[in-house]
Amino acid sequence: MSETKIISVTNDKGGVGKTTTVHNFGYALMKKGYRVLLVDFNAQCDLTAELGIAEPDAENNTLCDAMRPYIMDTDDFLETAECIRTNPNGLDFLPATQELADLETLMIQAYQREMILSSILQEIAGQYDFILIDCPGSLGQLMVNALLASNEVILAAFPEKNSLAGLSKIMNFIDQISRRMHREIRVRGVLFNRVDVRETDLNKLLTDAKAHVKRDIPFFNNWIPKRVSVARAVEHAASIFEYEPSSDAAIAYAKLVNEYLKWTGGEKRNGKSA
Ligand SMILES: Nc1ncnc2c1ncn2[C@@H]1O[C@H](COP(=O)(O)OP(=O)(O)O)[C@@H](O)[C@H]1O
Ligand SMILES: [Mg+2]
């Protein structure tokens, strides 16, 4: 792959599996030999904690430190590379602190406020094949920044009625940003997470979801089942691949990554099968 793909994993709701997906999808890509960076862009800092930083707020050189000079009156610029950590399992990530919430409020006055994350990521983009952004659960300035830093979006969704209804709201938001800023932001697909396979009529769910979205966007064929091991892996600051590699949730994430790579034509790396 020659170009870096920057993917926002998003939804304006919490609890739909954004953080879990960024972590597991990223880990699976890394294991295939891709260079991967994960970005915590949610003020709850769940991804930072999941990647092994017990007290995110005690950290220096975080994404917030890189963003601050773009927003406050200071020329104390920090190189993005100085903020990157590698977790014990080999995943590179940009940690965040709760200050992200304050920066979002202050951002309103900043010059080219929509492009701050994009500028920060462009500094290091060439070093990675994939950058996955764990988005905030609301449609504010941070979300606009995440979308405009991205080439693609994966919409994480919970398979129930309210969550499906929310899909068209976020799709409209993405359309608006894309049109106003003259940027193509491709919605790569909707990913259902925490699916109770026995209780869910998968065909009906898909039909309902398509009716709600009212436009032609792809839904991933591989869905992530609801499994305690996924939540337990989080508690152990591990991906599902490390915590329970033989679980069907790990298999589902691996298949999902293959499905994604097949779609994007990125399944081959350096001329070899990944
Ligand atoms: N497939 C799954 N099966 C069981 N629990 C899950 C699954 N995916 C996520 N969870 C749990 O659900 C909660 C919400 O997931 P999370 O990824 O944090 O959502 P979001 O980032 O959208 O708020 C977390 O506690 C997580 O451990
Ligand atoms: Mg989250």
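Me: A polar contact is a pair of N or O atoms within 3.5 Å; within protein, one must be able to donate a hydrogen and the other to accept it, and residues adjacent in sequence count only if both atoms are side-chain atoms. What makes T62 a cap of α3?

Reply: A side-chain oxygen of T62 lies 3.1 Å from the backbone nitrogen of C64. That value is within the 3.5 Å cut-off, so the pair counts. T62 caps the N-terminal end of the helix.

Me: What are the ground rules here?

Reply: This is a predicted model, in which local features need pLDDT of at least 70, side-chain atom pairs count only at pLDDT 80 or more, and totals for chains, interfaces and linings use all residues. Residues are numbered from 1 along each chain as its sequence is written, chains are lettered from A and ligands numbered from 1 in the order in which they are written, and side-chain values use heavy atoms, with hydrogens and water left out.

Me: How many helices and strands does the protein chain have?

Reply: There are 11 helices and nine strands. Both are DSSP runs numbered from the N terminus: helices are H or I with at least four residues, strands are E with at least two.

Me: Why is the protein chain called as compact as a globular protein of its length?

Reply: Its radius of gyration, taken over C-alpha atoms, is 18 Å. The globule rule is 2.2 Å times the number of residues to the power 0.38. For 274 residues the rule gives 19 Å, and 18 Å is close to that, so the description holds. The C-alpha atoms fill a box of roughly 55 × 40 × 40 Å along the principal axes.

Me: Why is α3 called mostly covered?

Reply: Buried means under 20% relative accessible area, exposed over 50%, and partly exposed in between (1.4 Å probe, protein chains only). Seven of the nine residues of α3 (63-71) are buried. Among them are L63, M67 and I71. The cover includes β2 (36-40), β4 (92-94) and α6 (141-149). Over the whole chain, 54% of the 274 residues count as buried.

Me: How do you know whether R188 is buried or exposed?

Reply: R188, in strand β7, has a relative accessible area of 10%. That is under 20%, so R188 is buried.

Me: What does R188 touch?

Reply: Contact means heavy atoms within 4.5 Å. Not counting residues up to four places away in sequence, R188 touches E152, V153, I154, P218, F220, Y260, W263 and T264. With E152, the side chains also make a polar contact of 2.6 Å.

Me: Why does T264 count as buried?

Reply: T264 has 18% relative accessibility. The cut-off is 20%, so T264 falls under it. T264 sits in helix α11 (248-264). Leaving aside neighbours within four places in sequence, T264 is in contact with K5, E152 and R188.

Me: Why is H182 called exposed?

Reply: Its relative accessible area is 74%. That is over 50%, so H182 is exposed. H182 lies in the loop between α7 (161-180) and β7 (186-192). Its phi is near 50°, a positive value in a residue other than glycine.

Me: And why is A237 called partly exposed?

Reply: A237 has a relative accessible area of 26%. That value lies between 20% and 50%, so the middle class applies. A237 is in the loop between α9 (228-235) and α10 (240-243). A237 has a positive phi of about 50° although it is not a glycine.
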